[in-house]
Amino acid sequence: MNTFRGFVVKEFRHIVRDRRTMVILIGMPLVQLALFGAALRNEIRETRVGVVGAVVDDVARGLAVRIDAAPQFEVVPLASPDEIEPAFRSGRVRQVAVFEPGFAERLARDGTADLQVITDATDPNTANTLLAYTSAIVASYQAELAAEGKIGGPAPAVGVRIVPEVRMRYNPELRSVVLFVPGLIALILMLVCALMTSITITREKELGTMEVLLVSPLRPAQILVGKVLPYLALSLVNVLTVLVVSRWAFDVPVRGSYALLFVEAALFTVCALSLGILISSRTSSQQVAMMIALAGLLMPTVLLSGFIFPVSSMPVPLQVVSHIVPAKWFLVIIRAIMIKGAGLEAFWKETLVLVGMTTFFLVAGIRSFKERLA
Amino acid sequence: MAASVVATELHKAYGSTVALGRVSFAVEPGELFGFVGPDGAGKTTLFRILVSLVVPDGGEARVDGLDPVRQYRELRRRLGYMPGRFSLYQDLSVEENLRFFATIFGTTIEAGYDLIREIYAQIEPFRDRRAGALSGGMKQKLALSCALVHRPKVLFLDEPTTGVDAVSRREFWDMLSRLRAEGITIVVSTPYMDEATRCDRVALIQEGSLLGVDTPAAIAASFDRPLLVVRTPRRLDALRVLRSYEHARSAWSFGEDLHYADTRDRVEPAEIARLLAGAGIPDAVVRPATAGIEDVFMDRMHGTAAPGAAA
C-alpha cells in the first residue's frame, strides 16, 4: 500500500507543478460559470419591438403600452410600414406589430381586427419565444377588453371561455443560468476527468516512463487507480466550487440533497475517468488523446446532452445518438436534484443507465490497458 | 553457474516486417554484454522481449532463470530496465524521481544506497533540482540510479548513451564497469561502435539478425584482410577510385578517413597511393592500420561487395 501511496503522491505533484494545467483546472470552471451565467443568456430582455399604426388609436395604443411595460420588450414607434424592412435589416428591432388602419373601430364594429406580428427569425428559438410572449400579452389584453365590454361580436356570455393561467414552476423567472449550471458541472467533469486522464496516461507513454512502470511490480490496476484518483478528488472539489459560486453569484439553488448530488457526480466522474482510460490505452500520443477527448467526448457533452439544445427538439437520429452520451443521463439526474429537489425515486432509471455505462467503460478501459506493450 | 540471460531462436515480426529473426545467445552472470548495431536493427525489440514487455512470436528466453512470458511477475522484481527514450519525470526533483522509483519497487533510497552511492553522489548536491533542468550527463546518472535502486540481478540498458556528450559517455561506461564488479549482469545496447570495446562480449546486430558474438578483441581480430587508412581532402573522388580498383574488397568512409580492404593477402600502401595519384589525387596519405569492430561490422553487414550507393 505504501507503493500505491507513493504513486498517488507523485501524481499530485505532477498536477500541482504544472502551473498551466493548474490554472486550467481551477480557473476554467469559474470562467465558464461566468460565461454561461452572465453572458450567454437565453432569456429575452428588453427586446425592441417596432409598432406601426398605434399612434391615433386608443385600443392599439393600449396594447402598445402593455407590450412596452413587459420586461421582455421595449416599444419603438415606426411611422409607416416602409420603415419595417430597414429597421429589421439594421437590427434596430427584432419584432414589429402592425395595426390595421382603424383598428379600434373595426374591433368595436366587427368584434375582430387584424394585428400583424412580424418577427425576425434569424434565430428561430428566439423568434418563437418572442412570438409566445407577444401572443400572451395580446391574449391578456383581449381578455381585459372583453371584461370591460369593449368588444362586441359573439357574446362571451354563452359561457365556456377558457383562460389559461400560466405558471412557470421551479424556475419562474426562466433564468437560463439555472439550467446551465447543471450542464456546466457535467461539462467540467467530462473535461477534467476524461481529457486530463487520457493526457496524463499518454504522457507517460511519450516520456518512456510507462515502460518502466509496466516493468515494475506495480499491477496495472494500481497504475490506473493511482493515475485517476487525484483527478477524482479534483473533480469533486470543482463541483463544490461551481455549486458555491453559482449559489453566491447567481443565486442558483440546490433544492435536493447535497449527498445524493455528490454521489451521482462521483458516479459520472468515474464514468468520465473510465472513458479517459479507454482513450489513453488505445492511443500513444498526447495529441491524439486530446483530439479524441475533445471531439469524441466534449462536443457530444455540449451539443447532444441537452446542455444547450433540448434533446426533445433534435431530429430523431440525433436523439438516438444522444442516448449513448453519458452526460445526457447525468443532466436529467442533476437537474432533477438541483432544480426540482427530486429524490432517487425520480431518476433511478437514469442512474441505472449511468451505472451500466460506467461499468462497461471501466471494464473496457482496464481490459485494454495492457501489462505489456503492443 | 547457469547463464544469466539466454535467448533461443527468438523471433518477432510486426506485420511483414521481421524485427527479430531467430536470435540465440547467452549472457554469463556478471558479464557486461553489448549489442551493437544501427537504429532499426532490432535492439529495442529484443530488450522489450527480455524485460517481458513484448511477447515473442517464437523462441524462448530465460532471464535470471525466469521465462519473461509466463513468469513475468516474479521477473519484474528482479530486473532493472532503462528504456531508450527514458527521460525521467522532468517536473519532479532529482530526489523525488529516485524516491519514486524506489517506492514502486517496494524499497527505499536508503536500502539501495550503497549500490548507487558512487553514481548518485555525483548528482546528490542537486537533489532539489528538477530533473528537467539537469544536463544530459546528469540525467543519465539519475536514470541509472533509478534503474539500480532496487538492486536488480540483471540490468537492461537500451541505448543509454544516445544523445549524451562524449565525456559523459566515457564516464557512464566507467560506471558500468564498476557495477559489473558488484556482480550485476548488464546487457546494454548502443549504436556507437567505439563503445563496443568497453564490453566483455559484443553481439553485432543488423536487421534482426546477429552477425557474430565474441569479445571485442576477437571480433576485431577476425578481420583477415589487409587494411589501409587513406587520408585525402578529396574523399568522395578517392572512394570512387578505390571501389573500382580490381583488387578492392571494400572501401568505406570513416569520419575523416577512408578505410580500404584488399582482396589479396598483402598490399603495399605505396601501391594504393600510386593508384590514387594516377587518378588525379596526388596528395593522399596511405598507411597500414589494424581493423576495429566497425570494420568487421561493415564487412559482415555488406558481405564482400562494396555497393556504390553507401558511401
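Student: At what angle do helix α1 and helix α9 of chain A pack?
Tutor: About 50°, with their axes 9 Å apart. Axes are lines fitted to C-alpha atoms, for helices over the stretch in contact, and angles run from 0 to 180 degrees between N-to-C directions. Helices (H or I, at least four residues) and strands (E, at least two) are DSSP runs, numbered from the N terminus.

Student: Which residues of α1(A) make the contact?
Tutor: Among them are Phe4(A), Phe7(A) and Phe12(A). On α9(A), they include Ile223(A), Leu229(A) and Tyr231(A). Contact means heavy atoms within 4.5 Å.

Student: Fine. Is this model predicted or experimental, and how is it numbered?
Tutor: This is a predicted model: local features need pLDDT of at least 70, side-chain atom pairs count only at pLDDT 80 or more, and totals for chains, interfaces and linings use all residues. Residues count from 1 along each chain as its sequence is written, chains are lettered from A and ligands numbered from 1 in written order, and side-chain values use heavy atoms, without hydrogens and water.

Student: Switching to chain B. What is the strand order in the open sheet?
Tutor: β5-β6-β7-β3-β8-β9, with mixed pairing. Two strands pair if DSSP finds at least two bridges between them. The edge strands are β5 (79-82) and β9 (209-214) of chain B. Twist averages 15° from one strand to the next.

Student: In what sense do β3 and β8 of chain B pair?
Tutor: Parallel, over 4 bridges. Val36(B) sits opposite Leu204(B) in β8(B).

Student: And which strands does helix α6 of chain B lie across?
Tutor: β3, β5, β6 and β7 of chain B. Helix α6(B) covers residues 166-181 and runs at about 155° to β7(B).
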